[in-house]
Amino acid sequence: MVVLRAGLCPGLTEEMIQVLRANSVRTVVDFVSSDLEDVSQKCSLSYKALVAVRRVLLAQFSAFPANGADLYEELKSSTAILPTGSPSLDQLLDSGLYTGEVTELMGTPGSGKTQVCLSIAASVSLGLKQHVLFLDSTGGFTASRLYQMLRAQAEDEEEQLEALQRIQVARVFDVYEMLSALQEVRDRLSQQAVSCTGPLKTVVIDSVSAVIHPLLGGRQSEGLAIMMQLARELKMLAKEFSLAVVVTNQVTRDSSTGLLKPALGRSWSFVPSTRVLLESKGAAWEEATTRRSASLAKSPRQPTGMQVELDIGNSDVQEPSPATPTEGL
Amino acid sequence: MQRAVGSLPLGPALRARLAAAGFQTAQELLDTGPCGLSREIGISKEEALEALQVVRQECSGDAAKTAGGAGTTRKCTALELLEEEQAQGFIITFCSALDNILGGGVQLTKITEVCGAPGVGKTQLCMQLAVDVQIPECFGGVCGEAVFIDTEGSFMVDRAADIAAACVQHCRLIAEAHQEEDHQKALETFSLESILSHIYYFRCRDYIELLAQVYLLPDFLSEHSKVRLVVIDGIAFPFRHDFEDLSLRTRLLNGLAQQLIIIANDHKSAVVLTNQMTTRIGQSQSTLVPALGESWGHAATVRLIFHWDKSQRLATLYKSPSQKESTIPYTITPHGFRDVQPPAVTQNTESTEMNPRKRPRREEEK
């Protein structure tokens, strides 16, 4: 609902707006849906002028229908599939992360969500030489672990350093900070500023539930509104600029059944198009293992319930290798 | 300035009115001006002015970032972060096995959670860390101060004095072995009195006091900028008794976690929390799991679980962004938190192992 303003279209002048407002026609929707003959009589404005203004407003503000074949052609040319750096995870996601979609990783604490995110960032930055934006809201981003992963994948130190420079990290601990960071990305991309970022193809958000969870619940519905605003921003970014958006979510325990379920509720479950659940292979914390299983909980392309095994061991999210601690005193 | 009105930090009633009046982007709000705004949505001029101030601040923050200005300190490339991390020190725990599995010690700018059954040594570790954070840089420490927030009343000053005395003794031995200038100079200021005077102690009796203390902590930390460690001993205790509304508890805890991570990040300090254990009753067996629920598990970046194995204390690294899961033994001596000595020497340490406050653990076999 856009408010009628003077500069909105050529025929709309300030006096017209005042007169319309006096007759309670304040927004574009009011204008377009009202009976113009009636309005022209009450406001004593020319009927032709009103019809002209309405035509311009409709052209400006209505959505354009597109034909399925055109849409398909457009998708074929604009969608890219980004490999995650782990062949089994790629297999789960139908060959990789699709741009234009939101993919979600969920799991219990310690199940490897941050590791998979780091691996995705490393693979996109090193393998595809594309820029990655990493929004960290939990403080779990460890650059030394990322460096370890890069060192395992590429031998050349120059390449590793360049790959590190292509990953932009922003620490946002509040939902408004996250929204303003996303807005900033949108502004930069729409201005086509290729200055310091370069071609941005992936946005990784770890984790989205850490900033939204404190707002949900209780009697206030404001938390839900903010969550949906964030969802809209993410989907718009993904669709308009052909980005692959990866988010991580927590799991909570369902109070009635005692089973684990993804956090943020049913409303959020419609936002990502693909959902992957990460679980630890060991039963409890007594068994220390680096093996994890990833199962597909929601996907537009693959059958749900597919499961693969990952190893979030030392070098990579895939290959097990002997353990060596990174930094010692 | 095409920021949607719904994404601005305004109150919900104001936001609802703006949406009803048809405002969609922040630019429209700024164009209308305070008088127009107060007329349109029927609020007072002062409220309109305040709202526009907030909007202007948000949007100018955005503009500065877009223009590449040094507006935020929190955005950088991974390479810069790597350099920062490599230059950052760790807070050592005097138990080299534990330092190894943590990757060097307790990391700054991260939240570390220590869970364990009663009497296993969580408070001992906290007191050890509060002393260790003050070790001067030439001995390998971070030379910072500590904030100790106690909710259970388990901080014993005489025990902390013992630990501090042992630490000073240890550093003195190192200085004598190396005979360097800066070691001697550092030792002059590193004494028992100075260590104890740089541990800022707060006692919180219930969850409201704890929440208030954490809200006030950023101001305290900006005055005392040398603080590098914030310990909250017993974050579970005030939240576990007398709390009827569990969803409120989850919300408060999550909000608390976000506050703590902001503190850890902005002031470059480590936050250490201790948690209790609870029993999860499954179909066939029951397991000991950390308390405060599933969603609290996501709050801490690094999670250590302390447990017993017959009469040996073990520490398991359960969750860490950069280290593998592993388990090591440790022990608590009169000097504080230490490694397990090889068997020949254990005869003496076992008898003096017990923390005077907790009742000694009875062994079944002997």
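User: How many bridges join strand 4 to strand 6 of chain A?

Analyst: This is a predicted model: local features need pLDDT of at least 70, side-chain atom pairs count only at pLDDT 80 or more, and totals for chains, interfaces and linings use all residues. Residues are numbered from 1 along each chain as its sequence is written, chains are lettered from A and ligands numbered from 1 in the order written, and side-chain values use heavy atoms, leaving out hydrogens and water. Strands (E, at least two residues) and helices (H or I, at least four) are DSSP runs numbered from the N terminus, and two strands pair if DSSP finds at least two bridges between them. Strand 4 (131–136) and strand 6 (200–206) of chain A run parallel, joined by six bridges.

User: Which residue of strand 6 of chain A is the bridge partner of Leu133(A)?

Analyst: Strands pair through backbone hydrogen bonds, either parallel or antiparallel. The bridge partner of Leu133(A) in strand 6 of chain A is Val203(A).

User: Which strands are the edges of the nine-stranded open sheet?

Analyst: The order is 12(A)-11(A)-10(A)-3(A)-7(A)-6(A)-4(A)-5(A)-1(B), with mixed pairing. An edge strand here pairs on one side only. That picks out strand 12 (307–311) of chain A and strand 1 (75–77) of chain B.

User: Which residue in strand 1 of chain B is the bridge partner of Ala170(A)?

Analyst: Strand 5 of chain A meets strand 1 of chain B in the antiparallel sense, over three bridges. There, Ala170(A) has as its bridge partner Lys75(B).

User: What area do chain B and chain A bury between them?

Analyst: Contact (heavy atoms within 4.5 Å) takes in 68 residues from chain B and 73 from chain A. Buried area is the accessible area (1.4 Å probe) that two parts lose on being put together, summed over both. Of this area, 54% lies on carbon and sulfur atoms. The total is about 6,300 Å².

User: Which side chains form the salt bridge between chain B and chain A?

Analyst: A salt bridge puts a side-chain nitrogen of Lys or Arg within 4 Å of a carboxyl oxygen of Asp or Glu. The count between chain B and chain A is one. With 3.3 Å from N to O, the pair is Arg292(A) and Glu325(B).

User: How many residues apart are Arg301(A) and Glu101(A)?

Analyst: Their side chains meet in a salt bridge at 3.0 Å, N to O. Arg301(A) sits in the loop between strand 11 (291–298) and strand 12 of chain A, Glu101(A) in the loop between strand 2 (97–98) and strand 3 of chain A. The pair links distant parts of the chain, with a separation of 200 residues.
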